[in-house]
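Subject: Structure handover

Hi,

Here is the structure we talked about. My notes on its sheets follow below.

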Amino acid sequence: MSDVPLPQSPSSPSASEAGRHRATRRGVLLGGAAAMGAAAIGALTPAPAHAGRGRLHDPFTLGVASGDPLPDGVVLWTRLAPEPLAESGLGGMPERRFQVQWQISEDERFRRITAAGTCTASPESAHAVHVEVSGLRPGAEYFYRFRVQGHLSPVGRTRTAPAPGSSPDRFSFAFASCQSYTNGHYTAQAHLAREDLDLVVFLGDYIYEYGEEGDLGRPHIPSWETVSLSDYRIRHAQYKSDPDLQAAHAAFPWALVFDDHEVDNNWADDIPENGGDPQEFLRRRAAAFRAYYENMPLRRAQRPRGADVQMFRRLTFGDLVDLHLLDTRQYRSDQVGDPQHDDPDRTLLGERQRRWLFDGLNGPTARWNVLGQQVFFSQRDFVEGPATNFSNDAWDGYRYERDRVRDVLASGPSNPVVITGDVHANYLCDVKADFDDPDSATVATELVGTSFTSGGDGTDQNPGDAVQLQENPHIRMINRRRGYVRNTVTPTEWTADYRVVDRVSEPGAPIRDLARYVIEDGRPGAVDPESLP
C-alpha cells in the first residue's frame, strides 16, 4: 500500500483521476455516475489476473455511499471489489488486508480538506470499509472519496443533520423500497440521483434472494436462491454494480432498514417462509445479515452479532423531524390466518423495540414524527361485503399491537406520519382512531410508496383495487406504477410528491408527478393542495 497522501487539488491527480471530478455540484453527480457506470460495465466482464499478485485493478467497481447522518458526522462506505462477481464472494480481492485512505472536503475539487484518515479493509469483512466521521459542521454539505494503491474512487456527496435544537425551515427526503434486479432497469434510481434531497430512506427489499432469470437480460447471479455468505455477498455486489443505483447512493446519505427479501420471503424471527429447522435458518440469517452490513453505509451499532442485529434506531433533524426507523421482521410472531389476528400476545415489534418506540414517542419530540417501516400499517380488507380477508404479513395480522401503536400516535407526538414500502404500489391512507368507523377521527397519515422495479412495469390499478377503495374508505389513493415518494417538510406543512415512471422493462423512461398531497401542521390527514385556501 502506498502511503502517498490523497491529492489536495485538482491539478494533483493523474489525467484519468481528474477526469472523474467536475467543477460543479451537478457535474459531480452526473460525472460521478458516468465514472461509476464505466466501472460497473467492467465489473460484469471477466477481469485480468492481479498484476504480480500484489497490485489491484480498479477496486471501486461498487461505488461509494454515505448514511445515517448525525449533526456532527456521517458514515462513509465503500467495498473493494475489482471482480465483484467472483465465485468466492470476496470480489476478486487477495486474502490480505489493505489500508484505504479517505478524505472529506467542503468543495468538490477537494481544495479545502475537512477530515482525512486511513482505515483497514480486511478479507473477513469482504474488504468493506465503514468510516464513522465526526467533528463536522451540522447541516452542511460535504464531498468524500477513497484511495487505495493509487486508485481513486468516484466522489460522493453527503450532508450532516442540523444541530440539536435548531429550527430548520426545510427538510427534503425521498423514500423508496423493493428493487428487484431481474424485474426492471433502475430508471427511477437514475431520476432520484438528480433530485435535491437531504436524505434517502430505503424501507427494505434492497436485494431479492430468489434465483430468478427474468426476461430483461438481467438474471440473478448466482442463478440459485441465496443461502450462504458467498451467495449473499455476490448478490449484493450484482445489485451495487448497477450505475444508476451507484449514482443515487453517491448523491445523498441514505438511512436503510431491511424487510424480508434480504434474507428469505416472509420470514418471521427464526421461522423461514417454508418451515424447517430454526437453527439452520438462523445460520442463513446470520450470513444474510453479515453480507447486508458489509454492503450498506451503516454504523458499528448496526453490525450484526451472528443472527442478531440492532436495526431500530432514531435519526433527528433539528426540531423539525424525528425519524423512527423500525424493524418489523426480526422480532415478529409467525404469520397466521384471520381468525387469530386479534390475539393480544402477537407482536410485530417485540417487547424491547415496542418499549423503545413508545418511550421515544411519549417524550420530547420534533414537530413531525415519522415511522419509517416496512409493511402496510392501515387496515386493508381485500374482499367485498361482510366477509373479510386481511394480509397475514402486514400490521393487520398483528391487530392488537397495531392499535396500541396507533393510540400512542394519536395521544403522544405531534404530526405523526407513517411511511411504508413492501406492497409495490402507491397508497395514501388516513390512519383512523377506529378503522371500522369511517367517521372516527383521523389521527395520522400513512404514505405508502411503490417499488423501484419489483413487479415490472406495473399499471395504474389492478381490478381488485376498486374493491379495496370501496371496503376501506380510509384508503384514498392506489396506483401501481414504479418510482418513489419525494417529501418536503417545513414547520407548517409536509408535501408528498408521488413520482413515477411508466416502464422499467426498458431503460430511459421519463419521470412524472402522479399526485401531490399536503399534510398541514396540527391537522392529521393529507389533502389535495388545490383544496387549500
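Which residue in β17 stands opposite Val-431? Ala-444 does.

First, the ground rules. This is a predicted model, where local features need pLDDT of at least 70, side-chain atom pairs count only at pLDDT 80 or more, and totals for chains, interfaces and linings use all residues. Residues are numbered from 1 along each chain as its sequence is written, and side-chain values use heavy atoms, without hydrogens and water.

Seven-stranded sheet

This open sheet runs β12-β13-β14-β15-β17-β16-β18, with mixed pairing. (Two strands pair if DSSP finds at least two bridges between them; helices, H or I of at least four residues, and strands, E of at least two, are DSSP runs numbered from the N terminus.) β12 (313–317) and β18 (475–479) each have a single partner strand, so one side of each lacks a neighbour in the sheet. Six bridges link β16 (426–432) and β17 (442–448), in the antiparallel sense. Helix α8 (399–411) packs on this sheet and touches β14, β15, β16 and β17. Contact means heavy atoms within 4.5 Å.

Ten-stranded sheet

The order here is β5-β2-β1-β11-β10-β9-β19-β20-β21-β22. This sheet is also open, and its pairing is mixed. The edge strands are β5 (128–133) and β22 (523–527). β9 (171–176) and β19 (482–489) run antiparallel, joined by five bridges. Phe-175 stands opposite Val-485 in β19.

β21 and β22 form a hairpin with two residues between them. Gly-522 in that turn has a positive phi of about 80°. Val-518 stands opposite Val-527 in β22.

Best regards

Definitions and conventions: Axes are lines fitted to C-alpha atoms, for helices over the stretch in contact, and angles run from 0 to 180 degrees between N-to-C directions.
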